[in-house]
Amino acid sequence: MAAPLELSCWGGGWGLPSVHSESLVVMAYAKFSGAPLKVNVIDNTWRGSRGDVPILTTEDNIVSQPAKILSFLRKQKYNADYELSAKQGADTLAYIALLEEKLLPAVLHTFWVESDNYFTVTKPWFASRIPFPLSLILPGRMSKGARNRILVTRGQPPFYHLREVEAQIYRDAKECLNLLSNRLGTSQFFFGDTPSTLDAYVFGFLAPLYKVRFPKVQLQEHLKQLSNLCRFCDDILNSYFRLSLGGTSPAGQETVDANLQKLTQLVNKESNLIEKMDDNLRQSPQLPPRKLPTLKLTPAEEENNSLQRLSP
């Protein structure tokens, strides 16, 4: 009996099984190759001290980093590339290198460096899944790691700072997306009708960029103009991740998210209205309670009234 395979990874949102690109790469490859992974989603009970996921654990091994995990799975006979030719295998390596050089820096910048996206979406999402007090520390450390990773790959002369390389990062990313779109064409996957390692990498890099709702959507808008890449992501989600980790379909999860957002907005409006009404009541002039006027009777009326009370 094969040793159990357990994958620790970041969880999902926005209809994705994971919002973390490298976790998605491994999860997609496992689906394509039939590897029976038990997925352990990092949540607020997690007691790790670093953000270096995904991590594959077996009885005898602990493997991190997507390339090493995929290599380990192949050695366990879970190979999504067994039908590829030697040329297609070489093309796979070339395209993965292109993704990591041209597209990954822009994905990291979109999530971890762009200020509005980081403080509005990325930091709150990851912090909510990390136990206190690491939730105060780890997102910032991950952001710094993303900055350093960008500068390692792109901070070469004459560019040394993120502001200097930002425009070039997004130009390169858009060119990479165009190249991927042209290469995919009308095919279902990059090498025909069967998904492979390249499909796992492209899906892992594109799906979060496609689905997560950011306030700054520079690269996301360009991706959504390339309909075949969007269709590619949707097809994989529907075919291989029909039920999310919470048991809700991706499309259904988007509906739930939208309904929850509307409900939250409605509750906030109702609360604001009640607060305004309370404020208005407190600020309005307070009049003393009116006393009912007392009727005074004439002596004759008083005597008559007394006789009526005494009569049987």
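Modeller: Helix α9, residues 227-240, has 14 residues and spans 20 Å from its first C-alpha to its last, close to the 20 Å expected at 1.5 Å a residue, where the expected span is 1.5 Å times one less than the number of residues. Helices here are DSSP runs of H or I with at least four residues, strands are runs of E with at least two, and both are numbered from the N terminus. This is a predicted model, in which local features need pLDDT of at least 70 and side-chain atom pairs count only at pLDDT 80 or more, while totals for chains, interfaces and linings use all residues. Residues are numbered from 1 along each chain as its sequence is written, and side-chain values use heavy atoms, with hydrogens and water left out.

The buried residues of α9 are N228, L229, C230, F232, C233, I236 and L237; buried means under 20% relative accessible area, exposed over 50%, and partly exposed in between, with a 1.4 Å probe and protein chains only. As background, an α-helix has 3.6 residues a turn, so residues three or four places apart point the same way.

Of the contacts (heavy atoms within 4.5 Å) between residues at least 6 apart in sequence, 73% join residues at least 24 apart.

Not counting residues up to four places away in sequence, A173 touches K102, L103, A106 and L219, and the C-alpha atoms of A173 and K102 are 5.3 Å apart although the two residues are 71 apart in sequence.

S33 belongs to helix α1, residues 21-33, and counts as buried because its relative accessibility is 17%. Leaving aside neighbours within four places in sequence, S33 is in contact with Y78, N79 and A80.

Helix α1 also packs against helix α7 (residues 197-211) at an angle of about 140 degrees, with the axes 8 Å apart; axes are lines fitted to C-alpha atoms, for helices over the stretch in contact, and angles run from 0 to 180 degrees between N-to-C directions. Residues making this contact include L24, A28 and F32 of α1 and Y201, F205 and P208 of α7.
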